[in-house]
Amino acid sequence: MNPATQVLFVEDDPMIARTLSMGLRYEGFVLSHAASIAAAMQFLQQQAFELILLDVGLPDGDGIVLCRQLRELHPDTPILMLSARSDESAVVASIEGGADDYIRKPCGLREVSARMRRLLTRRPSDTASRTVICFGTIQMDIQRRTAHAAGTSLQLGKKEYDVLMLLVRANGDAITRQQILDQFEDSNIIYDRTIDSHLSHLRRKLKDAGAVERIVAIYGVGYKLESA
C-alpha cells in the first residue's frame, strides 16, 4: 500500500471520528474527514480519493444513498461502510448499494485498518496496469474510456479523451504539441488550429464540470495540467 494513500472518512460522531482518524493516520493513511454528506461532496470536488470510509447514518442524509451515488461516479474506488446498526438488512442494503465491505460499530482500529488494506490490495499499484488514473479531481477509466472531473461525468469526443489522457498521464509535467499531434492517425493533415480547438473544448468542459484543474500553455514547450 502506498504510504500516502488518500482516504475520505465520512463520519458524524466526533468521538469515533477523532479516535479512528488519529489511529489511521498513525497507520500511514492520509485522511480527510467530513461530518456530513455536503462536506464529503465538497472534498470529492477538490481531489480524488483511493478509498472511502463511509458511515451509514449521517445528519443530512442516508449514507447508503450516498454510497450508490459514489459508486456511479467512482466505480473503482473501494467503499467501506460503518454502521451502529447490527441488523442484517443494513448490511444487505449497503452491499447492494455498492459498498465493498461493511463493519459494525463499535469497531477497533486494527479491524478497520486491516479491512481497508485488504480492499486497497485489490487495486493494481502499477500505473501502466491500473484501470483508473487520476490527476487531482480528474479521474479517467482506461478500460471504459470514461472521464470524470469534480464528480461530474465529462462527455468527450475520442480525440478529446486521448489528449486529456495524455495530460493526466504526464501528472503535471509538460507535453509537447507533437505529442498531441501523435494522437491523430491522420496527423499529416492536422493543423495547429485543430489542436487548439481540442484544447479549447477540453478547457471549457473541465471548467463547466467545476474542476479546479486547468490546461496551461508553457511557452516554447507545450501544455500541462495544474491545479488552480
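The face of helix H4 turned away from its buried side carries the exposed residues Glu88 and Glu96; buried means under 20% relative accessible area and exposed over 50%, with a 1.4 Å probe and protein chains only. This is a predicted model, in which local features need pLDDT of at least 70 and side-chain atom pairs count only at pLDDT 80 or more, while totals for chains, interfaces and linings use all residues. Residues are numbered from 1 along each chain as its sequence is written, and side-chain values use heavy atoms, leaving out hydrogens and water.

**Helix H4**
- Helices (H or I, at least four residues) and strands (E, at least two) are DSSP runs, numbered from the N terminus.
- In H4 (residues 88-96), Ala90, Val91 and Ser94 are the buried residues.
- These residues lie on the same side of H4 because they cover an arc of only 100° around the axis, taken from the directions from the helix axis to the C-beta atoms.

- Strands E8 (residues 132-135) and E9 (residues 138-141) run antiparallel and are joined by four bridges; two strands pair if DSSP finds at least two bridges between them.
- Valine 132 has aspartate 141 in E9 as its bridge partner.
- Two residues lie between the strands of this hairpin, and glycine 136 in the turn has a positive phi of about 60°.
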